[in-house]
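Subject: Structure handover

Hello,

Here is the structure I promised. Please open it first, then read my notes below.

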Amino acid sequence: MTMSISHLSLFLVFFSLYTSLSQSSTSLYLSPALFFPNYQRMLQSFKIYTYTPPQPFSFTSPVESLFFTSLQNSHFITLNPEQAHLFFIPFPSDLSPRSLARVIRDLRTEFPYWNRTLGADHFYISCTGLGYESDRNLVELKKNSVQISCFPSPNGKFVPHKDITLPPLVPSTIHKSSNKRRPYKAFVKYDGVEELRSDLEVLIESQPSDEKTRSEFCLFDYAANISGIGEALSSGCVPLVITDRPIQDLPLMDVLRWQEIAVIVGSSDDGFKWVKRVLNGTCSRGDTCERMRRLGAGASQHLVWNETPEPYDAFHMVMYQLWLRRHTIRYARREWI
């Protein structure tokens, strides 16, 4: 498949972005020299075979539905399983463990593909995530297959070295990043932060608004809700995430250099005084804040979901992460012990 005009133009746009950003000491991408040629190879050759579910169903989450529809309508789908790099197992999120085990058992007995890798070249979507079960079929699905989760993923139900999260949906009415003056140090979108109400540099909103476009930082409590991180990046608001544990499920972690576009700190007994010191310290180092906003604006373009997928958007970036997982170990067939 040759590169279309739209893909070529988008490639030039993002390659120009990469060139300009790479001239600085940091880059938006973990491996910029590999990302763009690998992305083009993915477009040209990546193939996925989708198993037919026993019964028709629809996903309950909008982002799950959008990914599934985009995949089914894409050129990545093949009707010939012998051409496939990966195999997709569609099933509803509320399917019981017993029924899901039966689905995997049927794939094992009716097709030769699962047993070749014990499911390592298969993937599925589940925003609720899979627990740890004793059934052989569910053990292999959980341990070997790629899980595509919603972001943030349920605690304890995400395996960092193989699983992927879907970028959250960003409202279409969001204002893009601008270079206008930002009078507020931080934007906080939740109630109950009494210690901040007297701070004139902090804007507190309990409902969505456009004021984040006037703030340098957008604060998130990872334990509460971090799904607005893509919206913050699009607004030119540097995300500051407060968390007491490592974050291993950020969207596009195989591609983006998150430490250059977000600030992640642990909580402290000093409360927001500690956070305020971090904020002031971050912006005191030359053009750090401006660079982070510029890189964040570039990253936000990869987090956008479109009804009709476009090059380098969220759908294609999720596909790219699947593409990176297409190389699997071909386990020798063995008896289950």
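How many helices and strands does the secondary structure of the chain come to? There are 10 helices and 10 strands. Bear in mind that this is a predicted model. All the values below are computed from it.

Overall picture

The chain has 337 residues, and 51% of them are buried. I also looked at contacts between residues at least 6 apart in sequence. Of these, 67% join residues at least 24 apart.

Disulfides

Searching the whole structure turned up two disulfides. A disulfide is a covalent bond between the sulfur atoms of two cysteines.

One of them joins C127 to C150, with an S to S distance of 1.5 Å. Please look at that value yourself. The pair links distant parts of the chain, 23 residues apart. C127 sits in the loop between strand 3 (122-125) and helix 6 (136-144), while C150 belongs to strand 4 (residues 146-150). Both C127 and C150 are buried.

The other joins C218 to C237, with S to S at 2.1 Å. Its torsion about the S-S bond is about 115°, so the disulfide of C218 and C237 is right-handed. C218 and C237 are both buried.

Helix 3 against helix 10

Two packed helices are described by the angle between their axes and the distance between the axes. For helix 3 (residues 62-72) and helix 10 (residues 314-324), the angle is about 75° and the axes are 10 Å apart. Angles of 65 to 115 degrees count as roughly perpendicular, so helix 3 is roughly perpendicular to helix 10.

Which residues make the contact? Helix 3 brings F67, S70 and L71. Helix 10 brings F315, V318, M319 and L322. By class, this contact of helix 3 with helix 10 has six nonpolar residues, one polar and no charged.

Is helix 10 mostly covered or mostly uncovered? It is mostly covered, with 10 of its 11 residues buried. Among the buried residues of helix 10 are H316, Y320, Q321 and W323. The contact residues F315, V318, M319 and L322 are buried too.

H302 lies in the loop between helix 9 (288-300) and helix 10. Its relative accessibility is 0%, so H302 counts as buried. The side chain of H302 makes a polar contact of 2.7 Å with the side chain of Y29. The H302 side chain also reaches the backbone oxygen of Y312, at 2.9 Å.

The loop at L30

L30 lies in the loop between helix 1 (5-22) and helix 2 (32-45). Is L30 buried or partly exposed? It counts as partly exposed, because its relative accessibility is 34%. Leaving out residues up to four places away in sequence, L30 touches M253, D254, V255, L256 and R257. L30 and W258 are 228 residues apart along the chain, yet their C-alpha atoms are separated by 8.9 Å.

Over to you.

Best wishes

How values were computed:
Residues numbered from 1 in each chain as written. Predicted model: local features only at pLDDT ≥ 70, side-chain atom pairs only at ≥ 80, totals over all residues. Heavy atoms only, no water. Axes fitted to C-alpha atoms, helices over the stretch in contact; angles between N-to-C directions. Helix = DSSP H or I, 4+ residues; strand = E, 2+ residues; numbered from the N terminus. Parallel < 35°, antiparallel > 145°, perpendicular 65-115°, else oblique. Contact = heavy atoms within 4.5 Å. Nonpolar A, V, L, I, M, F, W, Y, C, P; charged D, E, K, R; others polar. Disulfide = S-S within 2.5 Å. Buried < 20%, exposed > 50% of the residue type's maximum accessible area, 1.4 Å probe, protein only. Polar contact = N/O pair within 3.5 Å; in protein donor to acceptor, adjacent residues only side chain to side chain.
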